[in-house]
Amino acid sequence: MAISTEIVGKTFGPFVRDYTFKDLEICALGCGCAWDGKVDLEYVNEHDAKNPDLKVLPIFGVPLTVNEEMTTTLDYGFDYSGSLHYGIDVYFHAPFKMNDHIETFVTQEAIWDRGEGRGSLSKQVGKSYSSDGTHLCTVETYDCCIYDGGFGGEQPPKDVVEYPDREPDLVYEEVCGLQWPLIYRMMGDWHQQHIDWSYTEQTGLARPINHGVCSAGIAMRHVIKLLFPGEPERMKRFKCRFTSPVLPGTKLRTQVWKISDTEARFRMVDAEAFDAAVAAGERTPKPFLNSCIVEWE
């Protein structure tokens with residue numbers, strides 16, 4: 001099926017999600033919260049199930065837009081087997097409640113042509129609203145479809161994020177749990193590359209990989225802990241590119257450079273591979289997350 005750009009500019013929805021505090025906890029657990037029963041427990045301890053009160057990991061806003069229902073509805077002719085999540089840029093406008101009925105409207109904003117053999121790049125923008133009409137978040141999401149380039153479309157704009165020329169100001173390390181993507185799947189991204197070993201063997205990977213949003217959620221926990229600990233509601237923007245897949249079991253390192261009192265740049269890398277390259281005087285490997293920005297108030 002050929003790529004069709006007729007979908008560009010059209011808005012779809014509402015995509016509906018009714019959730020309770022349990023869904024907030026599932027999302028947090030899928031991003032590694034409380035992996036040892038202690039770390040980031042505030043995201044999974046509701047205190048009183050009848051009157052829950054927990055901190056919300058803001059990455060919860062992303063699967064409201066990034067899920068299988070949205071992907072299959074906004075079908076512009078791409079080959080799903082070659083679809084890779086390319087990046088997100090999320091703006092948070094209001095806090096999430098402990099339970100709610102949320103409606104999300106998604107606009108297909110662009111489909112760019114990266115060229116033959118390099119795939120297409122798609123941009124969707126989702127806007128999620130609470131049951132009382134409050135605009136909760138805006139999610140810009142990008143997908144690269146590696147088998148669908150060369151259809152004659154416009155090339156994508158460049159995405160350049162400058163990093164300070166110095167060592168990171170802050171660093172956080174953590175091993176990615178083997179079961180984290182299996183939990184995160186319950187947020188609505190059922191792609192087999194995150195669970196089926198035979199599927200990922202075809203791509204040459206050693207095992208099923210993390211969801212991009214799952215990896216982003218891990219990094220989000222890290223930057224909150226480093227920059228405004230215990231106050232995730234202060235986050236206003238979270239941007240990242242998914243530049244390399246995370247294999248569960250990898251030791252992750254989030255590197256943070258402060259730009260101001262309310263803005264930072266960050267990356268997430270393979271800690272052991274990074275250190276080995278530095279020790280050998282070699283070029284460091286491609287980060288897992290790059291071109292990353294976080295803003296808070």
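1. A polar contact is a pair of N or O atoms within 3.5 Å; within protein, one atom must be able to donate a hydrogen and the other to accept it, and residues adjacent in sequence count only if both atoms are side-chain atoms. The model is predicted: local features need pLDDT of at least 70, side-chain atom pairs count only at pLDDT 80 or more, and totals for chains, interfaces and linings use all residues. Numbering runs from 1 along each chain as its sequence is written, and side-chain values use heavy atoms, with hydrogens and water left out.

2. The side chains of Thr254 and His222 are joined by a polar contact of 2.7 Å. Thr254 belongs to strand β8 (residues 251-260); helices (H or I, at least four residues) and strands (E, at least two) are DSSP runs, numbered from the N terminus. Thr254 is buried, its relative accessible area being 0% (buried means under 20%, exposed over 50%, partly exposed in between, with a 1.4 Å probe and protein chains only).

3. Leaving aside residues up to four places away in sequence, Thr254 touches several residues, including Leu170, Tyr172, Ala219, His222 and Phe266 (contact means heavy atoms within 4.5 Å). Phe288 is 34 residues from Thr254 in sequence, with a C-alpha to C-alpha distance of 9.7 Å.

4. Gly13 and Pro14 are joined by a cis peptide bond with omega about 10°, and Pro14 lies in strand β1 (residues 11-19). His47 has a positive phi, near 70°, and sits in the loop between α1 (21-30) and α2 (68-73); His47 counts as exposed because its relative accessibility is 61%. Ser291, in strand β10 (residues 289-296), also has a positive phi, near 50°, but is buried at 9% relative accessible area.

5. The largest pocket holds about 1,000 Å³ of space. Its lining comprises 44 residues, with Ser83, Leu84, His85, Gln193 and Ile209 nearest the centre. Strand β2 supplies the largest share of this lining, four residues.

6. The second largest pocket holds about 420 Å³ and is lined by 17 residues, among them Tyr86, Leu121 and Lys158. Here too β2 gives the most, with four residues.

7. On the pocket terms: on a 1 Å grid over the protein atoms alone, a pocket is an open set of points where a 1.4 Å probe fits, with protein on both sides within 12 Å along at least five of seven lines, and lining residues have an atom within 4 Å of a point. Grid points are joined across faces, edges and corners, and a volume is the space filled by probe spheres set on the points.
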